[in-house]
Amino acid sequence: MKKNVLITGATRGIGREAAKQLCAQGFTVFATGRDLRLLDVLKKETGCLGEICDLSDPAAVVALYEKAHSALGQIDVLINNAGFNPGKEPVTEVDVARLDASYAVNFRAPYLLCREALKEMSARKSGHILNVVSTIARTSAENYSTYCSLKYALHGFTLCLIKEARHSGVKVTGVYPGGTDTEFRDTDRPDYMRPESAAQMIVQCINSPDDVTVHELVYRPMVESNF
Ligand SMILES: NC(=O)c1ccc[n+]([C@@H]2O[C@H](COP(=O)([O-])OP(=O)(O)OC[C@H]3O[C@@H](n4cnc5c(N)ncnc54)[C@H](OP(=O)(O)O)[C@@H]3O)[C@@H](O)[C@H]2O)c1
């Protein structure tokens, strides 16, 4: 039986493509982002459900889980995909508002959604949580400490969650895409992965056999050598 999926960051980029592929395969998808117009376009294109939500507000994050849960009846798969690039700047010039915003969206929101999902999934002893991290959390980069350190935090949290969730049969996957040609950065990168391709890897992971759990899914465009 096809599953019910809650996905964040579905209005653009990798999340939008993942939502489209999942709907095409018969999954029931509850999609979210901040841009109402783009969310409406996605809903019309795919027939998915969804609501806008600013993930920088922790109360809105918890409310989002509740809304998705009542719309879907049961959330089988949570994809914490939303994230944003606070840009590059040296540590000496880091702006506290940008640091806090990166913490809120790139770390706190997925953490809270995992907390809500795990309560419900562990009670029914099934479910799959995927946290979209980045290959940046396998390396480091000059002038990129804000984004890099919060993705490291999500990486560390995901490793802990894998261990906590396994006792109740809940699968947890850390997804580590490399460079993908989305609106995540100002410049086009045609040498990077297409968002459809990055999304396809996530969808394949969701379709893994029941007796397999993928802990880490690391993939890159051929041009990337940050390993
Ligand atoms: N592109 C890359 O090279 C790359 C590489 C490694 C990892 N990643 C990770 O992959 C994930 C998807 O990235 P992408 O490249 O697809 O980015 P993208 O094209 O910029 O899309 C980001 C998505 O996140 C949502 N989002 C951002 N801030 C939000 C907020 N405050 N509240 C709610 N939603 C918010 C956006 O929705 P709205 O615009 O509607 O708010 C949008 O749907 C991110 O976690 C990113 O860190 C990307």
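A polar contact, as I use the term in this notebook, is a pair of N or O atoms within 3.5 Å.

Entry 1, the model. I am working with a predicted model, and I began with its elements, noting that the protein chain has 6 helices and 7 strands. Reading from the N terminus on, I found that they run β-α-β-α-β-α-β-α-β-α-β-α-β. I then looked up the radius of gyration of the protein chain, which is 16 Å and close to the 17 Å that the globule rule gives for 227 residues, so the chain is as compact as a globular protein of that length. Along the principal axes, the C-alpha atoms fill a box of roughly 50 × 40 × 35 Å.

I noted that the ligand takes up the space of the largest pocket. There are 29 residues around the ligand, and those that come nearest are T11, R12, R34, Y147 and T182. Two helices, α1 (13-24) and α5 (145-166), each supply at least two residues of the shell.

Which backbone lies 2.7 Å from an oxygen atom of the ligand? I found that it is the backbone of N81, through an N or O atom, and this distance falls within the 3.5 Å of a polar contact. A backbone N or O atom of L55 lies 2.9 Å from a nitrogen atom of the ligand, whereas R34 uses an N or O atom of its side chain, 2.6 Å from an oxygen atom of the ligand. Finally I looked up the ligand's area: taken alone the ligand exposes 890 Å², and the protein buries 95% of that.

Key:
Residues numbered from 1 in each chain as written. Predicted model: local features only at pLDDT ≥ 70, side-chain atom pairs only at ≥ 80, totals over all residues. Heavy atoms only, no water. Near = heavy atom within 4 Å. Polar contact = N/O pair within 3.5 Å; in protein donor to acceptor, adjacent residues only side chain to side chain. Areas by Shrake-Rupley, 256 points an atom, 1.4 Å probe, with all protein chains shown as cover. 1 Å grid on protein atoms, 1.4 Å probe; cavity = no way out; pocket = protein on both sides within 12 Å on 5 of 7 lines; lining within 4 Å. Sits in = over half its atoms within 2 Å of the grid points. Helix = DSSP H or I, 4+ residues; strand = E, 2+ residues; numbered from the N terminus. Rg over C-alpha atoms; globule rule 2.2 N^0.38 Å.
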